[in-house]
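Colleague: I am new to reading protein models, and I would like to learn how to do it step by step. Could you take me through this one?

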Amino acid sequence: MFLIVPSLFKNKKSKDNKKETEGSLPEEQELLMQSLEGNIANIKKRTGNSSDMVIRYIKIGERAAIQAAVIYIDGIVDNQSIQELLVDTMMKDDVFSEPITPQNAFTLLKEDVVGIGDIAILHTWSEVFPA
């Protein structure tokens, strides 16, 4: 699961990356992976492994321990606010209105933790890195 602000990432694809290979989708239409590590590796690749990008690995909920990552750009976002208002909160069970599971995690994060701003489930890399 990712909480991503797509507009913070610059699309650093070269023209060669935009070429379609026979029998495959264009890179922009590729689906996100089920693997957290695979998605993070792809984000690093697409952002040129930017030194400003901060990746915080966390477990959502004390009992459920759902693997997740919070990704943001250092200098644009206040690190202390991210830690106190988002990361620390997501790691506790008592902030959720019901027991958190992999099936309801996104809904509970949206309703109980991230009440401000827009969050959405993204399915393709073109949603993560709009042109």
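Modeller: Gladly! Helices (DSSP runs of H or I, at least four residues) and strands (runs of E, at least two) are numbered from the N terminus. Please keep in mind that this is a predicted model, where local features need pLDDT of at least 70 and side-chain atom pairs count only at pLDDT 80 or more, while totals for chains, interfaces and linings use all residues. Residues are numbered from 1 along each chain as its sequence is written, and side-chain values use heavy atoms, with hydrogens and water left out.

Colleague: Is Asn42 buried or exposed?

Modeller: The general idea is a scale of relative accessible area: buried means under 20%, exposed over 50%, and partly exposed in between, using a 1.4 Å probe and protein chains only. Asn42 counts as buried because its relative accessibility is 10%. The other buried residues of H1 include Leu36, Gly38, Ile40 and Arg46.

Colleague: Which residues does Asn42 touch?

Modeller: A contact means heavy atoms within 4.5 Å. Leaving aside residues up to four places away in sequence, Asn42 touches Met33 and Trp125. The C-alpha atoms of Asn42 and Trp125 are 9.2 Å apart, although 83 residues separate the two along the chain.

Colleague: With which side chain does the side chain of Asn42 make a polar contact?

Modeller: A polar contact is a pair of N or O atoms within 3.5 Å; within protein, one must be able to donate a hydrogen and the other to accept it, and residues adjacent in sequence count only if both atoms are side-chain atoms. For Asn42 the partner is the side chain of Arg46, at 2.9 Å. At the start of H1, a side-chain oxygen of Ser35 comes to within 3.4 Å of the backbone nitrogen of Glu37.

Colleague: Where does Trp125 lie?

Modeller: Trp125 belongs to helix H4, residues 125–128. With a relative accessibility of 1%, Trp125 counts as buried.

Colleague: How many aromatic pairs are there?

Modeller: Rings of Phe, Tyr and Trp (its six-membered ring) pair if their centres lie within 6.5 Å; planes under 30 degrees apart count as stacked, over 60 as edge-to-face and the rest as tilted. By this rule there is one pair. Trp125 and Phe129 form it, and they are stacked, with 6.0 Å from centre to centre and 20° between the planes. Both residues are buried.

Colleague: What does Lys44 touch?

Modeller: Lys44 also lies in helix H1, which covers residues 36–46. Not counting residues up to four places away in sequence, Lys44 touches Asn49, Met53 and Ile55. Lys44 is partly exposed, because its relative accessible area is 32%.

Colleague: What is the phi of Asn49?

Modeller: Here is the general idea: most residues other than glycine have a negative phi. Asn49 has a positive phi of about 50°, although it is not a glycine. Asn49 is in the loop between H1 and E2, and it is exposed, with a relative accessible area of 52%. Just after H1, Gly48 has a positive phi of about 70°.

Colleague: Which residues touch the most other members in the largest nonpolar core?

Modeller: A nonpolar core is a set of buried Ala, Val, Leu, Ile, Met, Phe, Trp, Tyr and Cys residues joined through side-chain atoms within 4.5 Å. The largest one has 19 residues, and Ile60 and Val70 touch the most other members. Strands E2 (53–60) and E3 (66–73) and helices H2 (79–90) and H3 (105–113) each supply at least two of its residues. H3 gives the most, with five. A second, separate core has twelve residues, among them Leu36, Met53, Ala69 and Phe129.

Colleague: Which residues of H2 are buried?

Modeller: They are Ile82, Leu86, Val87, Thr89 and Met90. Met90 is buried with a relative accessible area of 1%.

Colleague: How do the elements run from the N terminus on?

Modeller: The order is β-α-β-β-α-α-α, from four helices and three strands. Of the 131 residues of the chain, 37% count as buried.
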